[in-house]
Amino acid sequence: MRTERDGFSGLQRVLHWLMAIMVLTMLFIGVSMVSTLKPRFLTLITIHKPLGIAILALAALRLAVRLRLGAPPLPDDLPRIQALAAKLSHFMLYALLMAMPLVGWGMLSAGGYPVVLYGSLHLPEILPHDDQLHAILRTTHTVLAYVFFTTILLHVAAALFHALIRRDGVFRAMAGIGPRNQ
Amino acid sequence: MSDEENLTRHAPLSLSAVGGRFAVIGGVLFTSALAFAYAGGWLTPDRLTPTRMVAALSDRGGNPLGHRRNHSKGICFTGVLEANGAASQYSVAPMLVAGRYPVVGRFAIAVGNPDASDIMGRVKSMAVRIVSPNGQEWRSGMNNSPVFVVSNPRDFYELTLAQDIDPATGKPDPGAMNRFSATHPDSAPFAEWSQTAPWTTSWADQAYNSLNAFRFIDGGGASHLVRWSMEPTVSPTPVPHAVLASMGPDFLGHDLVRRLSDGPLTWRLVVTFAEPGDPSNDATKAWPSDRKRVDVGTLIVQKAEAEADGPCRDFNYDPTILPTGITVSDDPLLAARSAAYARSFDLRTAEAADYPYTPRPAGDRP
């Protein structure tokens, strides 16, 4: 019988759960604000922009931490197709964490909008003011949001599959609770 | 090592336990997806979304593809705001400090058809984008009516539907506007203006009003409820409506270009301060005429350019894009304008092929 794996480092767990809350908040804010004309539109969009930039900054930190500390190995007995799916979905999640804020920032730049974080704190434009570029990025931002939410659902499903069905310690590696590997 | 062997190391799950646990996982996913769908409005098709609002605006005749879905016919201008500093004690906005600030603006008429005749322009508008040296922006879209026609987005949607073209006749339902007016008494002040204000042949002789209320924030953090207006320095020349009909479809643009060929046009930027009790959230109601009014600067319009290649084309004149020192009020129209303008902008920037730029040598487009 193997001893329990170490799991992710404390820093990685904090980053994971903090960003989980931030990203889900972000996706719900995004899908809500584009579907309302009510005063909450302005509240939501005022949160959306600085929260997106915060996610971008944390994603960069998280990627650096991941490259330095790595991740605990998956169970030896995990079917190859599931191991592949895990690697692919984690790659997708990292890519989306970086891409969504950058596409949003670029879309505002290309749309000629000021990128306001708070008050007079503005970010520079990262792309030229160009209507066709704006159109492409605006569509991309929406499509990636749906891809992101779907990927998160699959990630949650897989995590719960590890926690409830396989009970192999993979959930515990990030959550700190749940079945140990035996 | 197989899956099953691994699972047996925990107390094995009965078939029904496995089923139950899969059901839990399924339930989590389903609930999450449902919540997301609710947030996005898919479960509440009656919700008035920017998409529905802009679709209604797009159905008022002509081909609006590539164009703003309201105030669809317009012309760009460039100029300068010359602030005199009088507003600085009420707002820390950087472009209200005495100085000169570049402006990219647009004159338009409130129609849905970008090829409409200018005689359809009962409501004329001016939009401005004023930029401070530190990159802050003040965007404002103003109309020549003293009040707005409705106070909330739902009423604006109903008004827009009343103006939509009936495919059977090619015209709006003639009874629809009367029914709207009868059921929306707060639109009466606008209707009164619409029926009695003199028509003119120019954008230059009109006053343009913010209509919505905003808040100026001063250096001490105190807030002042305000509306603002661009007041013309050219006196209006009333023209009978019948005469306008003989002037061709584009008399406003011709008038503007002709006037600017003689020199710049100017407006006084005047800020009106509310007294306690004046409505902050109802653009259909004028404030009493004795309110304090402060002349805070001069807008100098120097040059007009056709919109197709003009500098205003690719700006969204969202009135909630404001510098520090100016914030939105609780007027519900402001959020609705911001959301709907964004939708219109998203649509039209994807439709550039329907509103081509004039071909120029490669790389010459700004």
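User: Opposite Trp267(B) of β10(B) stands Pro232(B). Which strands does this part of chain B pair up, and in what sense?

Analyst: The model is predicted. Start with the strands, then read the bridges. Here strand β9 (residues 223-232) of chain B and strand β10 (residues 265-273) of chain B run antiparallel, joined by seven bridges. Val226(B) gives another reference point: Phe273(B) in β10(B) stands opposite Val226(B).

User: What does β10(B) pair with besides, over how many bridges?

Analyst: Follow the strand to its next partner. β10(B) also pairs with strand β11 (residues 293-306) of chain B, in the antiparallel sense, over eight bridges. To locate that pairing, take Val270(B): its bridge partner in β11(B) is Asp295(B).

User: Back to β9(B). How many bridges join β7(B) to β9(B), and how many join β8(B) to β9(B)?

Analyst: Take each pairing in turn. Strand β7 (residues 208-209) of chain B is joined to β9(B) by two bridges, and the two strands run antiparallel. Look at Tyr208(B), which stands opposite Met230(B) in β9(B). Strand β8 (residues 214-217) of chain B has four bridges to β9(B), again running antiparallel. There, Arg215(B) has Leu225(B) of β9(B) as its bridge partner.

User: Which residue takes a positive phi in the hairpin of β8(B) and β9(B)?

Analyst: In a hairpin, check the residues between the strands. This one has five of them, and Gly221(B) takes a positive phi near 90°.

User: Now helices. What describes two packed helices?

Analyst: Two values do: the angle between the axes and the distance between the axes. The crossing is left-handed. The contact of α3(A) with α4(A) holds 16 nonpolar, eight polar and one charged residues.

User: How are α3(B) and α9(B) oriented, roughly parallel or roughly perpendicular?

Analyst: Read the angle, then the label. Helix α3 (residues 50-57) of chain B packs on helix α9 (residues 332-349) of chain B at about 65°, with the axes 9 Å apart. The pair is therefore roughly perpendicular. The crossing of α3(B) and α9(B) is right-handed. α3(B) brings Pro50(B), Thr51(B), Met53(B) and Val54(B) to the contact, where they meet residues of α9(B) including Ala339(B), Arg343(B) and Leu347(B). By class, that contact divides into seven nonpolar, two polar and one charged.

User: How is chain B divided into domains?

Analyst: Note the bounds, then the separation. Domain 1 of chain B covers 18-47 and domain 2 covers 56-352. Their C-alpha centres lie 43 Å apart.

User: What is the pattern of chain A along the sequence?

Analyst: Count elements, then read their order. Chain A has five helices and two strands. The pattern is α-α-α-β-β-α-α. Along the principal axes, the C-alpha atoms of chain A fill a box of roughly 60 × 30 × 30 Å.

User: How many residues are in contact between chain A and chain B, and which element of chain A gives the most?

Analyst: Take the totals, then the elements, then the classes. In total, 39 residues of chain A contact 47 residues of chain B. On the side of chain A, α1 (10-33), α2 (40-69) and α4 each give two or more residues. α4(A) gives the most, with 14 residues. That side divides into 19 nonpolar, 12 polar and eight charged residues.

Terms used
Residues numbered from 1 in each chain as written. Chains lettered and ligands numbered in written order. Predicted model: local features only at pLDDT ≥ 70, side-chain atom pairs only at ≥ 80, totals over all residues. Left-handed = near helix turned anticlockwise from the far one by under 90°. Nonpolar A, V, L, I, M, F, W, Y, C, P; charged D, E, K, R; others polar. Domains from an automatic or database assignment. Contact = placed C-beta atoms within 7 Å. Pairing = 2+ DSSP bridges. Axes fitted to C-alpha atoms, helices over the stretch in contact; angles between N-to-C directions. Parallel < 35°, antiparallel > 145°, perpendicular 65-115°, else oblique.
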